[in-house]
Amino acid sequence: MAEAQAAENLPAGRVQRLGSLFGRFGLASLSSAIVSVSHLLVQLFSIHHLETAAIGTLAFLLVIIQFGYGLSNALVSTPYTIAVNQGDDADARSFDFFFPVNLMLAASQGLICAAIAWATASPAAASLFGLAGMLSLIRWFGRSNAYAHHAPARAARSDLAYAGTILAGLLIAMRTGADLPAIGGMLVAASLVGLLPFGLAYLRRHFAMAPGRALGAYRPIWKEQSAWTLVGVLSTEATSNSHSYIVTLLAGPTAFAPIAVGMLFFRPVNVCITALTQLERPRMTRAVARGDHDSAIRSERVFMAALVMLWLATCVVAAIALHAFPGLILKPTLDHRLVMIAVGLCALLSLVQCVQTPMSVMTQARKAFRPLAAQSMRSCGVGLVAVTLLVLGTAPIFSIGGVVLSQLVMMLGIWQLDRKWRRDRQGAA
């Protein structure tokens, strides 16, 4: 009787665990995936309505904005999350200096996006993409602030408002047409609407402290943590997106277009990796701060399992789309064979990132920023050499293979750090 009852309870237990897993990651994944789908639709629209050079320019600007998310994570989002989750009674107002620092970072990204759009497109595109770049980081830190204070629903509302505005803009553009500046204006409107769930109080905090005073309060954070995380982000960016920059610089935006299309399919995974990192970092940080290392390790494993499941689902969707509906994604001027190669290489790269990210977040939760930066620098050296040689010696599409190699080096390095920490903890016990 007991054995029969246990057998009946086993499926229910599995369903309960799956339900718990979906409840934990579902909201953040779904809202982030919707944002990613909206970006995918923007780029699909650009493929069918813009010239090839403009397609590459838009993809490159979106890569720069994505890079800004990484800088925000290194300089403000991650330090802020760790600071407010070190104890149960942390006073959030004591960390107000992060907000003016975020504003300065956002303004810097806006200038960079404007300069790139000016050089590759037009003054109108420069002004709109500059504003879009700045607002994107203000909204991004709002999401980080919501996750840091364990309010994921607020971040999800921002994502849904952002994506809904883009979809509305695309419906209008399909009737009236749109050029590159119009797409920039669409991103500006989406960011403004996406800021509404955070309220005016959030925006006012960016101006509550003079920049000089904010930088003075931020200096200890910079010395202890942000300097090393910045090194890690810059080297990781050089590693993971080196093909974007090197191909664009050496071969031009047209050569980057097939790579951009291949990257489209796995943009949902990249966005969800970033969003779930924001969700799981506070959990891991609190567990490590309490000394509950077993709970932190369980979070790491569940995080990795969720990312791999997401990757598998994305691969299935990509395969169906390319096999059954190629005309919806590819235009005749693109080399279909090169796009297929790009999708395969991007799939491999995305898998490595899904395995690596949870270990990296755990390493950050332990405040092992310097060893993590060292691993990132080593990976960066491998990636830059490999990508440059592949671009010069083969078709630019194969440069993604150099990124895969460098990410494997990074993953193995973080795995060694993780294993060393576990051995040291077991030895101390």
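Author: A pocket, in the sense used here, is an open set of grid points with protein on both sides within 12 Å along at least five of seven lines. The model is a predicted one, and in it the second largest pocket holds about 160 Å³ of space. Its lining is made by L41, L44, F45, H48, H49, L167, L170, L171 and M174, and the elements that give two or more residues to this lining are helix 1 (2-49) and helix 5 (152-176). Helix 1 gives the most, with five residues. By class, the lining of this pocket divides into seven nonpolar residues, two polar and no charged.

Two or more lining residues come from each of helix 1, helix 2 (52-84), helix 4 (123-148), helix 5, helix 6 (180-195) and helix 11, and helix 4 gives the most, with five. The lining of this cavity has ten nonpolar, five polar and four charged residues.

Helix 11, which is among the elements that line the second largest cavity, also packs against other helices. With helix 12 (residues 293-324), the axes come within 9 Å and cross at roughly 170°; because an angle over 145 degrees counts as roughly antiparallel, helix 11 and helix 12 are therefore roughly antiparallel to each other. On the side of helix 11 this contact includes V269, C272, I273 and L276, and on the side of helix 12 it includes F303, L307, L310 and W311. The residues of the contact divide into twelve nonpolar, five polar and three charged.

With helix 14 (residues 336-365), helix 11 (residues 267-290) packs at an angle of about 25°, their axes being 9 Å apart, and these two helices are therefore roughly parallel to each other. Helix 11 passes helix 14 in a right-handed crossing. Among the residues that meet here are N270, R281 and T285 from helix 11, and Q353, C354, P358 and M362 from helix 14. The residues of this contact divide into nine nonpolar, seven polar and one charged.

Notes
Residues are numbered from 1 along each chain as its sequence is written. This is a predicted model: local features need pLDDT of at least 70, side-chain atom pairs count only at pLDDT 80 or more; totals for chains, interfaces and linings use all residues. Side-chain values use heavy atoms; hydrogens and water are left out. Axes are lines fitted to C-alpha atoms, for helices over the stretch in contact, and angles run from 0 to 180 degrees between N-to-C directions. Helices (H or I, at least four residues) and strands (E, at least two) are DSSP runs, numbered from the N terminus. Angles under 35 degrees count as roughly parallel, over 145 as roughly antiparallel, 65 to 115 as roughly perpendicular and the rest as oblique. A crossing is left-handed if the near helix is turned anticlockwise from the far one by less than a right angle, and right-handed if clockwise. Contact means heavy atoms within 4.5 Å. Ala, Val, Leu, Ile, Met, Phe, Trp, Tyr, Cys and Pro count as nonpolar, Asp, Glu, Lys and Arg as charged, and the others, Gly among them, as polar. On a 1 Å grid over the protein atoms alone, a cavity is a set of points where a 1.4 Å probe fits but cannot get out, and a pocket is an open set with protein on both sides within 12 Å along at least five of seven lines; lining residues have an atom within 4 Å of a point. Grid points are joined across faces, edges and corners, and a volume is the space filled by probe spheres set on the points.
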